[in-house]
Every structure is written in structure tokens, then in C-alpha cells.
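Subject: A structure for you to explore

Hi there,

Here is the structure I promised to pass on to you. Please open it beside this email and look up each residue as you read.

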Amino acid sequence: MPKISDERKLERSRQILDAARRCFVEKGFHRASMSDVIRESGLSAGAVYSYYSSKEELIAAVARSIFVAYESGISSFDDPGTQPASPEAVVRTLAERILVEIAPMTDGFRMVLTVWGEAANNPELRDTVGDIVRGLRGVFERVLTAWRAAGHDLPAEPAILAQVMVSVMQGVVVQQGLVGDVTVDDYIDAFCAVLRLAGLGDKV
């Protein structure tokens with residue numbers, strides 16, 4: 001049989017993950033089955049299982065595919081060779097990533113909340129989510145450390161501020177996913193106004 005190109009493998013993996021996200025949003029993790037994902041993907045059972053050997057593995061992959069968008073949104077600020085970015089600039093970039101990528105792929109953040117809820121009782125998924133959250137904290141911490149090294153004062157240590165900033169970004173996801181009435185742009189504008197008062201924003 002001819003070998004499948006790397007590009008085709010990546011396309012199939014995305015096809016399976018997209019199908020899994022749709023199934024998990026519709027039915028939840030526990031009621032959705034691998035058969036549902038296979039049917040939704042339009043691929044054969046053998047093809048799906050060649051990428052993901054179990055529903056648990058697929059759940060972890062879906063979780064990582066969602067949260068990696070957060071990381072990629074601020075990765076450009078993690079280059080030591082660039083001018084230190086303000087924490088406000090990082091927040092705005094992350095907010096844009098939320099609007100452009102994460103909200104549409106998670107049914108208005110419902111899938112994010114599903115992942116967080118499942119992680120509370122699923123050790124493997126909790127480790128995955130924990131790694132991602134710690135990674136995000138790490139990027140914020142490095143940005144804040146560079147900001148301080150450039151001569152700016154911080155109201156707290158970078159590691160603590162990083163926890164708070166991640167929590168605020170999580171907050172808009174929770175409120176929008178549960179209530180659905182948050183205007184993300186306004187939320188971020190208000191948060192950035194607070195950052196400027198704390199000396200963590202751009203000059204206006």
C-alpha cells in the first residue's frame with residue numbers, strides 16, 4: 001500500500017479531532033462513544049484507531065488541541081531576542097486568539113468547560129490541562145520578568161501575577177460559556193484598564 005504523506009496524516013488527525021469535538025459538545029464525554037466519533041469523522045474504524053487507540057486518548061488530544069491555541073497566541077512574546085512586550089499587549093493578543101480560534105471551535109467555550117469539568121475527576125486529563133495551564137503561566141511570568149527588567153515596577157512577583165492573569169482569562173471563558181452575555185472586547189478593555197493602573201499596560 002502507498003504510504004500516507006505527513007500532510008495527509010495531519011489532515012486526518014484534524015478530521016478526527018474535529019469530529020470528536022462535535023460529538024463531545026453534543027453528548028458530553030461519557031455519553032459519546034468511539035463509534036459516534038468514527039461515524040461523525042466519515043473514516044473507517046481502523047483509520048481512527050490508528051491515530052487514537054481509546055476514547056481517553058482522544059479526550060486528551062481534544063483538550064490539548066483546544067488549549068494549545070492559547071499558547072500559540074502569545075508565543076511571539078516569548079522570544080528573548082525581541083523588545084519586551086507589555087503585559088497588556090500579551091492579554092490583547094490572547095483575547096484575539098480566543099475570539100478568532102477558540103470560541104468557534106468550542107461551541108462558545110462549552111467544550112472548554114466540559115474539559116475542565118472532566119479534568120477534575122480524570123487524572124490523565126487533569127495532568128494534560130495542568131501542563132497547559134502551567135505553560136501559560138510560564139509565558140506570562142517570563143513576559144512580566146522581562147517587563148520588570150526593562151525598568152518597570154510590578155505590584156507583585158511575576159509568578160503570582162501570572163497566576164492572576166491566567167485566572168482572568170479563564171474567567172471570561174467561564175462567564176461566556178455558562179451565561180453567554182459577556183462581550184469579550186469590553187471585558188478585555190476593562191481588564192487592560194486595570195493593568196494600566198497597575199503599571200502593566202501601554203501608554204495611551
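Below are my notes, going from the overall fold to single residues.

**Before you start**

This is a predicted model, in which local features need pLDDT of at least 70 and side-chain atom pairs count only at pLDDT 80 or more, while totals for chains, interfaces and linings use all residues. Residues are numbered from 1 along each chain as its sequence is written, and side-chain values use heavy atoms, with hydrogens and water left out.

**The overall picture**

The protein has nine helices and zero strands. Here helices (H or I, at least four residues) and strands (E, at least two) are DSSP runs, numbered from the N terminus. Read from that end, the elements run α-α-α-α-α-α-α-α-α.

Of the 204 residues, 43% count as buried. Buried means under 20% relative accessible area, exposed means over 50%, and partly exposed lies in between (1.4 Å probe, protein chains only).

For contacts, the rule is heavy atoms within 4.5 Å. Among contacts with a separation of 6 or more, 66% are between residues 24 or more positions apart.

Two packed helices are described by the angle between their axes and the distance between the axes. The axes are lines fitted to C-alpha atoms, for helices over the stretch in contact, and angles run from 0 to 180 degrees between N-to-C directions. Angles under 35 degrees count as roughly parallel, over 145 as roughly antiparallel, 65 to 115 as roughly perpendicular and the rest as oblique.

Start with helix α6 (residues 110-119) and helix α8 (residues 158-178), whose axes come within 8 Å and cross at roughly 110 degrees. That makes α6 and α8 roughly perpendicular to each other. On the α6 side the contact is made by R110, V112, L113 and W116, and on the α8 side by Q170, V173, V174, G177 and L178.

Now turn to α6 and helix α7 (residues 123-149): their axes also come within 8 Å, crossing at roughly 120 degrees. This pair is therefore oblique. V115, W116, E118 and A119 of α6 make the contact with L125, R126 and V129 of α7.

P158 is in helix α8 and is buried, with a relative accessible area of 3%. Leaving aside neighbours within four places in sequence, P158 is in contact with E141, L144, T145 and R148.

V182 lies in the loop between α8 and α9 (184-197). This valine counts as buried at 13% relative accessibility. Not counting residues up to four places away in sequence, V182 touches V172, Q175, Q176 and Y187.

**Charged side chains**

Side chains of opposite charge can pair when their charged atoms come close. A salt bridge is a side-chain nitrogen of Lys or Arg within 4 Å of a carboxyl oxygen of Asp or Glu, and the count here comes to 10 salt bridges.

Which parts of the chain does the pair E88 and R196 link? Their side chains meet in a salt bridge (2.9 Å, N to O). The pair links distant parts of the chain, with E88 in helix α5 (residues 87-105) and R196 in helix α9, 108 residues apart. E88 counts as buried at 4% relative accessibility, whereas R196 is partly exposed at 30%.

Another salt bridge joins E11 and R8 (2.9 Å, N to O). Both lie in helix α1 (residues 6-31), three residues apart, about one turn of the helix.

In helix α7, D131 and R134 are likewise three residues apart, about one turn of the helix. They form a salt bridge, with the closest N and O atoms 2.9 Å apart. Salt bridges that share partners also join E88, R92, D189 and R196 into one network.

**Cysteines**

A search of the whole structure finds zero disulfides, a disulfide being a pair of cysteine sulfur atoms within 2.5 Å. C23 is buried at 6% relative accessible area, and C192 is buried at 0%.

Enjoy exploring!
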